[in-house]
Amino acid sequence: MEGVSVRKIKKFCVFCGANSGKDVAFVNAAFHLGEVLGKRKIDLVYGGGKLGLMGCVSTAVAQHERQVLGIIPSAFTVNNLVGETCGKEIKVATMQERLLMMMELSDAFIALPGGFGTLEELFQMISWAQLSIHNKPIGVLNINGFFNGLLSFVDHAVKQEFITPRARKILISATTADELVDKLQAFRFESDPALSKLKWSPSSSQKEKLDLTLRL
């Protein structure tokens, strides 16, 4: 990354499966990502609990004596459904409140392999970046080609003109943790000139007229 200015990322939010997946490479990669974050003195925000890949990455970060924050809906804590959170825990009422808090408390986002919940979190962050609600970098760790199909679909949506080339740049990918962290630290957000005019404060009337075709 010589010659490239990098942003200071202190807290990564990691989205990933509460299952371990079929391939042991997923577990190994989750542990390795946690080790990379720990060695770089980066703290972790995640969905709480100790199941699956979520448990792997949080355990690895904690073992390197970095702060771990789990944000978890209260419903998941009943009967110890997801196990004990590794580190500090914040309980919230809803899934949307959880995701909003993750966005506010993190400097960047990484998605590891996971299911519908992981994909929802990933695409919500991408959508919010497109709308200039935040300008934080977002990436996927493409372990053994897990995200190949998803990345191909996104590129297909660009070709079909449902996603703009500018918006496509929001989603970053890499095959190793070190490469992905480096890319995210070097990321420079390029906002849509029209969408960047939107005001998202509670007091905003949001009635500004935009001269564009929204591709959301």
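1. Helix α4 makes the greatest contribution to the lining of the largest pocket, four residues. Helices (H or I, at least four residues) and strands (E, at least two) are DSSP runs numbered from the N terminus. The model is predicted, so local features need pLDDT of at least 70 and side-chain atom pairs count only at pLDDT 80 or more, while totals for chains, interfaces and linings use all residues. Residues are numbered from 1 along each chain as its sequence is written, and side-chain values use heavy atoms, with hydrogens and water left out.

2. The volume of the largest pocket is about 430 Å³. Of its 29 lining residues, Cys16, Gly17, Ala18, Met54 and Thr118 are the closest to the centre. At least two lining residues come from each of β1 (11-15), α2 (52-63), α3 (95-105) and α4 (116-130). The lining has 16 nonpolar, 11 polar and two charged residues. Here Ala, Val, Leu, Ile, Met, Phe, Trp, Tyr, Cys and Pro count as nonpolar, Asp, Glu, Lys and Arg as charged, and the others, Gly among them, as polar.

3. Searching the whole structure gives one cavity of 30 Å³ or more. The largest cavity holds about 50 Å³ of space, and its lining consists of Met95, Gln96, Arg98, Leu99, Glu120 and Glu121. Two or more of these residues come from each of α3 and α4, with α3 giving the largest share, four residues. By type, the cavity lining has two nonpolar, one polar and three charged residues. On a 1 Å grid over the protein atoms alone, a cavity is a set of points where a 1.4 Å probe fits but cannot get out; a pocket is an open set with protein on both sides within 12 Å along at least five of seven lines; lining residues have an atom within 4 Å of a point. Grid points are joined across faces, edges and corners, and a volume is the space filled by probe spheres set on the points.

4. Helix α1 has 16 residues and spans 23 Å from first C-alpha to last, close to the expected 22 Å, which is 1.5 Å times one less than its number of residues. Its buried residues (under 20% relative accessible area, 1.4 Å probe, protein chains only; exposed is over 50%, partly exposed in between) include Ala25, Phe26, Leu33 and Leu37. Among the elements that cover the buried residues of α1 are β2 (43-46), α2 and α7.

5. Val36 lies in α1 (residues 24-39) and counts as buried because its relative accessibility is 5%. Leaving out residues up to four places away in sequence, Val36 touches Ala177, Asp178 and Val181, where contact means heavy atoms within 4.5 Å. Val36 and Val181 are 145 residues apart along the chain, with their C-alpha atoms 8.7 Å apart.

6. In helix α7 (residues 177-186), the buried residues are Ala177, Leu180, Val181, Leu184, Gln185 and Ala186. They pack against β1, α1, β5 (108-111), β6 (138-141) and β7 (171-174).

7. Asp43, in strand β2, is buried because its relative accessible area is 9%. Not counting residues up to four places away in sequence, Asp43 touches Lys10, Lys11, Phe12, Arg66 and Gln67.

8. A disulfide is a pair of cysteine sulfur atoms within 2.5 Å, and the whole structure has zero disulfides. Cys13 is buried, at 0% relative accessibility.
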